[in-house]
Amino acid sequence: MPRIAAIQMTSGGNLQANLKQAAELIAQAVQQGAELLVLPEYFAYHGCRDVAAIAIAERDTSGPARCFLAEQARQHGIWLVGGTIPVAVEYDKRAAASCFVLNARGEEVACYRKIHLFDVDVEDAKGSYRESDDYCHGGETVVVDTPFGKLGLTVCYDLRFPELYRSLAEQGAQILLVPSAFTAATGEPHWELLLRARAVENLCYVVGANMGDRFHDKRPTWGGSTIIDPWGKVLAALADGPGVVVAEIDLAYLHKLRQKMPVHEHRRLNVVKPSG
């Protein structure tokens, strides 16, 4: 059975330091047998302020973070999901928060642009988050065929919108990925709860790769990176700080559950409302 890894980081404002941390954690996950690895949201640029300049630098595959992903995937012979990277787009002056999937040859085979942007007031040191100041909304769902199963791509705040995950499941997704930088204030009550809910209601594996810096003085993130099976069981988890969690993916088990409980076939949202 293939082994998948969620990588948890404590990225800061220095790109090279972030990439060094990511490389070390990727190597750890590979040593534990992981073949498909998921990095957290903003893995390379968490805390970097000039999003517009970064997005221009990452416009094509020569961008520093995109080059890093390709090199790591090729070097280790792994499939790698690159959290998010700000990427300039033609249709908006703001960047797209782009999640790239790379195959074992280091080729970008898919890109998901984050649909739901975190414009929320939170009771933490930062207080107000307005992603839409720097980022534009994505508009397309993405499901990717891989040797390990079909991946449904989402990012962080997407986790609160179950209709997105049901759409991915209807498109055949078996493993739902959630690279994130979930805040500590919201992560403590909701992170694992929402991940497990998305797993159970769709009978999918769920992989949440989060930033884990709970005591950061300006932007505390919850951590709790987790791999959950289709029955809602936590297979592996990490509380705070940098590290990796690794678990096996058993698609035979997933198919058995779906045969026993065919929830996708039982949906009745087309029921007619009573008149009057």
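This is a predicted model: local features need pLDDT of at least 70, side-chain atom pairs count only at pLDDT 80 or more; totals for chains, interfaces and linings use all residues.
Biologist: Where is Leu203 placed, and what is its phi?
Modeller: Leu203 belongs to the loop that runs between α5 (184–202) and β13 (205–210). Although Leu203 is not a glycine, its phi is positive, at about 50°.

Biologist: Which loop holds Cys156, and what value does its phi take?
Modeller: Cys156 is found in the loop between β11 (149–153) and α4 (162–170), and it counts as buried because its relative accessibility is 7%, where the limit is under 20%. Its phi is positive in a residue other than glycine, with a value near 45°.

Biologist: Asp124 carries a charged side chain, so which side chain of opposite charge is nearest to it, and at what distance?
Modeller: Asp124, in the loop between β7 (119–121) and β8, is buried yet has no salt bridge. A salt bridge would need a nitrogen of Lys or Arg within 4 Å of a carboxyl oxygen, whereas the nearest side chain of opposite charge belongs to Lys126, at 7.8 Å.

Biologist: Which residue has its backbone nitrogen 2.8 Å from a polar atom of the Asp124 side chain?
Modeller: Asp124 is without a salt bridge, but a polar atom of its side chain does lie 2.8 Å from a backbone nitrogen. The residue that supplies this nitrogen is Gly127.

Biologist: How many salt bridges are counted in the model?
Modeller: Side chains of opposite charge can pair when their charged atoms come close. One of the pairs is Arg94 with Asp92, whose closest N and O atoms are 3.0 Å apart, and Glu41, Lys114 and Glu131 are linked in a network of salt bridges. With the cut-off set at 4 Å, the count comes to 11.

Biologist: Glu107 forms a salt bridge with Arg105; is Arg105 buried or exposed, and at what relative accessibility?
Modeller: The closest N and O atoms of Glu107 and Arg105 are 3.1 Å apart, and Glu107 is partly exposed, with a relative accessible area of 36%. Since exposed means over 50%, Arg105 counts as exposed, at a relative accessibility of 55%.

Biologist: Which residue forms a salt bridge with Asp121?
Modeller: Asp121 counts as exposed, because its relative accessibility is 57%. Its partner counts as partly exposed at 35% relative accessibility, and the closest N and O atoms of the pair are 3.0 Å apart. That partner is Arg130.

Biologist: Which element supplies the largest share of the lining of the largest pocket?
Modeller: The largest pocket holds about 790 Å³ of space and is lined by 31 residues, with Tyr42, His46, Lys126, Tyr129 and Arg219 nearest its centre. By class, this lining has 14 nonpolar, six polar and 11 charged residues. Both α2 (51–57) and β8 (128–130) supply at least two residues, and the largest share, three residues, comes from β8.

Biologist: What distance separates the C-alpha atoms of Leu251 and Ile175?
Modeller: Leu251 lies in helix α6 (residues 251–260) and counts as partly exposed, because its relative accessibility is 22%. Leu251 and Ile175 are 76 residues apart along the chain, and their C-alpha atoms are separated by 9.3 Å.

How values were computed. Residues are numbered from 1 along each chain as its sequence is written. Side-chain values use heavy atoms; hydrogens and water are left out. On a 1 Å grid over the protein atoms alone, a cavity is a set of points where a 1.4 Å probe fits but cannot get out, and a pocket is an open set with protein on both sides within 12 Å along at least five of seven lines; lining residues have an atom within 4 Å of a point. Grid points are joined across faces, edges and corners, and a volume is the space filled by probe spheres set on the points. Helices (H or I, at least four residues) and strands (E, at least two) are DSSP runs, numbered from the N terminus. Ala, Val, Leu, Ile, Met, Phe, Trp, Tyr, Cys and Pro count as nonpolar, Asp, Glu, Lys and Arg as charged, and the others, Gly among them, as polar. Buried means under 20% relative accessible area, exposed over 50%, partly exposed in between (1.4 Å probe, protein chains only). Lys and Arg count as positive and Asp and Glu as negative; His and the chain ends are not counted. A polar contact is a pair of N or O atoms within 3.5 Å; within protein, one must be able to donate a hydrogen and the other to accept it, and residues adjacent in sequence count only if both atoms are side-chain atoms.
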